[in-house]
Amino acid sequence: MKAASSSLRAAFSHCVLQVRSYDYHHYLCLLELPANMRKAAFALRAFNVETARAMDVASDPKIGLMRLLWWQEAIDKIYANKLIEHPTAQALSSVISESKISKAWLKRVVNARINDANRDVIDLPESIEELEKYAEDTASTLLYMTLQAGGIKSTAVDHAASHVGKASGLLLLLKSLPYHASRNRHFSYIPAKVAAEHGLLVKEGGRSEIRLDSREGLCDAVCEMASVANAHLVKARELANSVPVEARKVLLPAVPAQVLLDSLSKVQFDVFDSRLARGVLGKPPLWFQLKLKWYSWRGIY
């Protein structure tokens, strides 16, 4: 019994370390949650880190995809009360037994990652709506599960969480554009419609490809997508008065989303500007932490 307890503590410590290492701005958000929600939130975020990074850390895309398929099977095993020798899976299993997290939501996150992994890097999403759906199935769904773990039920907070997740997901995809371009030389998260509007789309051999002949065109495309994210943040905040007080800290990821939006605006939406890589989302770490604390203390997002 003692060994099991020690193993579980180690599993949760692993989750905290994973989130701190690979999703620092959300790590700071989770520290603001009430103690009764924090453990579940870190397990869920660590699960998100595992699935979000699966393709990036793999030397071969097939290995990354196998990792995602492993998580798909792991979820089934967790709900069948089977032991899995993986710290994040162990923490997740503990949270699920205590909080009755919806299996469908966990599956939705993994399936979204698998569908994205199966997409050829030169196959562009057709519209921003496709990326919004991806953000809803990952970032928004993560917020739904955190709310469920906290026993919070509210239509208003669900709607707000949907908007916050979409904004956060879209903005993080924009921030990742230089990384993906350096990795596979493609801008696979700029929708074809947006690219065409800004003169970035070139058709070769029956395929559409984004060409960076115009940095201005890329900045305009990023600005258009960021504007959609901003609209989601505005809608989320319009719902604030209807959101239960105890749920507002779950929506604190709206703060780093706004910070990233402001940082993009400051560099004229040039995702290659080196200032975006400084500190936390382009801002000094202490400034970011104080801003987050201020929002948390005031009960706003």
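1. Aromatic cluster. In this predicted model, one aromatic cluster is formed by Tyr24, Tyr27 and Phe42. A search over the whole structure returns 6 aromatic pairs. Among the pairs is that of tryptophan 70 with tryptophan 71: the ring centres are 5.0 Å apart and the planes stand at 90°, so this pair is edge-to-face. The cut-off for that label is an angle over 60 degrees between the planes.

2. The two tryptophans and the solvent. Tryptophan 71 has a relative accessibility of 0% and therefore counts as buried. Tryptophan 70, at 27%, counts as partly exposed.

3. Charges over rings. The charged end of arginine 67 sits over the ring of tryptophan 70, at 4.9 Å from the ring centre. A second case involves lysine 283, whose charged end sits over the ring of tryptophan 287 at 5.4 Å from its centre.

4. H3 against H4. Helix H3 covers residues 35–57, and it packs with H4 at an angle of about 155°, the axes being 7 Å apart. H3 and H4 are therefore roughly antiparallel to each other, since angles over 145 degrees receive that label. On the H3 side the contact is made by Phe47, Glu50, Thr51, Ala54 and Met55. On the H4 side the contributors are Pro61, Gly64, Leu65, Arg67, Leu68, Trp71 and Ile75.

5. H4 against H5. Which residues of H4 meet H5? They are Trp71, Ile78 and Tyr79, and their partners in H5 are Thr88, Ala89, Leu92, Ser93 and Ile96. Helix H4 spans residues 61–79 and helix H5 spans residues 87–99; their axes come within 10 Å and cross at roughly 40°. H4 and H5 are therefore oblique to each other, and the crossing is right-handed.

6. Positive phi values. Asparagine 81 has phi near 60°, a positive value in a residue other than glycine. This asparagine lies in the loop between H4 and H5. Asparagine 81 is exposed, with 72% relative accessible area. Lysine 100 also carries a positive phi, near 55°, and is likewise a residue other than glycine. Lysine 100 is found in the loop between H5 and helix H6 (103–118). With a relative accessibility of 59%, lysine 100 counts as exposed.

7. Tyrosine 22. Where is tyrosine 22 placed? The residue belongs to helix H1, residues 2–22. Its relative accessible area is 45%, so tyrosine 22 is partly exposed. Leaving aside residues up to four places away in sequence, tyrosine 22 touches Val49 and Arg53. Between tyrosine 22 and alanine 46 the C-alpha distance is 9.1 Å, with 24 residues separating them in sequence.

8. H12 against H13. Helix H13 (residues 285–298) packs with H12 at an angle of about 135°, and the axes are 10 Å apart. H12 and H13 are therefore oblique to each other. Their crossing is right-handed. Val255, Pro256 and Val259 in H12 meet Trp287, Phe288, Lys291, Leu292 and Tyr295 in H13. Trp287 in this contact is also the residue whose ring lies under the charged end of lysine 283.

9. Serine 265. Helix H12 runs over residues 254–266 and holds serine 265. This serine is partly exposed, at 38% relative accessible area. Serine 265 and serine 7 are 258 residues apart in sequence, and their C-alpha atoms are 45 Å apart in space.

10. Serine 214. The loop between strand S2 (207–210) and helix H11 (215–238) contains serine 214. Serine 214 has a relative accessible area of 28% and is partly exposed. Its C-alpha atom is separated by 8.0 Å from that of glycine 199, which is 15 residues away along the chain.

Note on methods:
Residues are numbered from 1 along each chain as its sequence is written. This is a predicted model: local features need pLDDT of at least 70, side-chain atom pairs count only at pLDDT 80 or more; totals for chains, interfaces and linings use all residues. Side-chain values use heavy atoms; hydrogens and water are left out. Rings of Phe, Tyr and Trp (its six-membered ring) pair if their centres lie within 6.5 Å; planes under 30 degrees apart count as stacked, over 60 as edge-to-face and the rest as tilted. Buried means under 20% relative accessible area, exposed over 50%, partly exposed in between (1.4 Å probe, protein chains only). A charge sits over a ring if NZ of Lys or CZ of Arg is within 6 Å of the ring centre and within 35 degrees of the ring normal. Axes are lines fitted to C-alpha atoms, for helices over the stretch in contact, and angles run from 0 to 180 degrees between N-to-C directions. Helices (H or I, at least four residues) and strands (E, at least two) are DSSP runs, numbered from the N terminus. Angles under 35 degrees count as roughly parallel, over 145 as roughly antiparallel, 65 to 115 as roughly perpendicular and the rest as oblique. A crossing is left-handed if the near helix is turned anticlockwise from the far one by less than a right angle, and right-handed if clockwise. Contact means heavy atoms within 4.5 Å.
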